[in-house]
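Dear colleague,

I am passing on the structure we spoke about, together with my notes on it.

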Amino acid sequence: MTRVAFVGLGRMGAPMAARLAGAGHEVTVFNRTPRPELVPAGARASSSCAEAAAGAEVIVTMLADGAALHAVLDGADGILAGVAAGAGAGAGSPAGETGARPVLVNMSTIGPDAAREVAARAADAGLDFLDAPVSGSVPAAEAGTLVAMVGGQPAVLDRVRDVLGAMTREQLHLGPVGSGAAMKLALNLALAVTNETIAETLLLAQRAGISRDAAYDVLAAGALASPFVTYKRAAFADPVNAPVAFSVDLMRKDVGLALALADDVGLDVPAGRSVAGVLDAASSAGLGDRDIATVLTAQDAPG
Ligand SMILES: NC(=O)c1ccc[n+]([C@@H]2O[C@H](COP(=O)([O-])OP(=O)(O)OC[C@H]3O[C@@H](n4cnc5c(N)ncnc54)[C@H](OP(=O)(O)O)[C@@H]3O)[C@@H](O)[C@H]2O)c1
């Protein structure tokens, strides 16, 4: 049993925190907007990040973006202040008993530079750091079958393997801090392009007289079949009214970070550039807070 602080009870964070509490870890949660209904059974709600982090052995963040991560780290109520207070409380804290430094595990999707910067700040505050963004959406978060892409020291990963194991079915180590973030951006570029490809496939089939349902049967049975194609079926059936699993605006954030990474490494990614424009158009059409399947709706204007 590990003492875990979990920050960010969004669409992904709430079920992930519930998995942790369900696995028997001692979980304290914090969300910027108080959401008592999202505090998992067996977990405790705290009134600040600092309170949640004080004395925790592992601190998990699952937030919208890098700005949100900075917002929860900094200030008198932030994670770093809480860790300092917990350390000041002495050897009575669980982290003090084992002698191990607490570990900050960021599972939000941020850029590799941001991950390295946070790791440096965490190190100054006496924390080890891993970037561990995830593949899989809300159903995988609920089932604990996410895949974590991990950057950081292998020995630190080993120390938090049971905590990550409660939320993820695989924890793939990719290299030093920033590697998990970079892999996640590369992967989400593929996901964004695939999402757009599904929309174009369905629209093309539909304009050729094939129902969306029949076209999806072929997608789900054919060579392109994948977990993503399978779990997006209901969303593509009725994109505007579908429960939001992953919003257009969050995907646009990830594609923007992926394009910046491509720029840094001197690579052109034309499909990525194109899908950024598609997501911008969906956002301009007022669909930014809807599920990413609404790219289909945004493109379904009569030609
Ligand atoms: N949804 C997916 O399918 C999926 C899959 C894999 C990875 N991801 C990534 O996982 C992360 C979370 O995604 P999500 O879908 O769970 O997002 P979400 O439902 O929009 O939740 C975002 C969370 O971030 C918090 N937040 C935002 N700005 C903040 C700030 N300035 N200060 C403090 N907290 C702030 C929100 O708090 P409030 O409640 O107060 O707004 C909420 O807890 C993102 O990085 C996303 O790219 C998402």
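This is a predicted model: local features need pLDDT of at least 70, side-chain atom pairs count only at pLDDT 80 or more; totals for chains, interfaces and linings use all residues.

In helix α14, the buried residues are Gly272, Val275, Val278, Leu279, Ala282 and Leu287, where a residue is called buried if 20 or more other C-beta atoms lie within 10 Å of its own, exposed if 12 or fewer do, and partly exposed in between, with the C-beta atoms placed from the backbone. Seen down the axis of α14, these buried residues fall within an arc of 115 degrees, so they line one face of the helix; the arc is that of the directions from the helix axis to the C-beta atoms. An α-helix has 3.6 residues a turn, so residues three or four places apart point the same way. On the other side of α14, Pro270, Arg273, Ser274, Gly277 and Ser284 are exposed.

Residues are numbered from 1 along each chain as its sequence is written. Helices (H or I, at least four residues) and strands (E, at least two) are DSSP runs, numbered from the N terminus.

Helix α14 covers residues 270-287, and its 18 residues reach 24 Å from the first C-alpha to the last, close to the 26 Å expected at 1.5 Å a residue, the expected span being 1.5 Å times one less than the number of residues. Its buried residues pack against α9 (179-207), α13 (248-264) and α15 (295-299), with contact taken to mean that the C-beta atoms of two residues, placed from the backbone, lie within 7 Å.

The loop between α14 and α15 contains Thr294, which is buried, with 28 other C-beta atoms within 10 Å. Leaving aside residues up to four places away in sequence, Thr294 touches Pro239, Val240, Val248, Ala282 and Leu287; of these, Ala282 and Leu287 are among the buried residues of α14, and Val248 is among those of α13.

Helix α13 has 17 residues and reaches 24 Å from its first C-alpha to its last, close to the 24 Å expected at 1.5 Å a residue. Its buried residues include Val248, Leu250, Met251 and Arg252, and the buried residues of α13 pack against α6 (112-124), α9 and α14. Lys253 also lies in α13 and counts as buried, with 20 C-beta neighbours inside 10 Å. After α13 comes Gly266, whose phi is positive, near 70 degrees.

The contact between them takes 13 residues from domain 1 and 15 residues from domain 2, and the side of domain 1 that touches domain 2 divides into seven nonpolar, four polar and two charged residues. For these classes, Ala, Val, Leu, Ile, Met, Phe, Trp, Tyr, Cys and Pro count as nonpolar, Asp, Glu, Lys and Arg as charged, and the others, Gly among them, as polar.

Of the 26 residues around the ligand, Gly10, Arg32, Thr33, Ala68 and Ser137 come nearest, a residue being near if its C-beta atom, placed from the backbone, lies within 6 Å of the molecule. Both α3 (66-73) and α13 supply at least two residues of this shell, and α3 gives the most, with four. By class, the shell has 14 nonpolar, eight polar and four charged residues.

Finally, nine of the ten residues of helix α1 (residues 13-22) are buried, so α1 is largely enclosed by the rest of the structure. The cover over its buried residues includes β1 (3-7), β2 (26-30), α7 (138-143) and α8 (154-167). Just after α1, Gly24 takes a positive phi of about 95 degrees.

With best wishes
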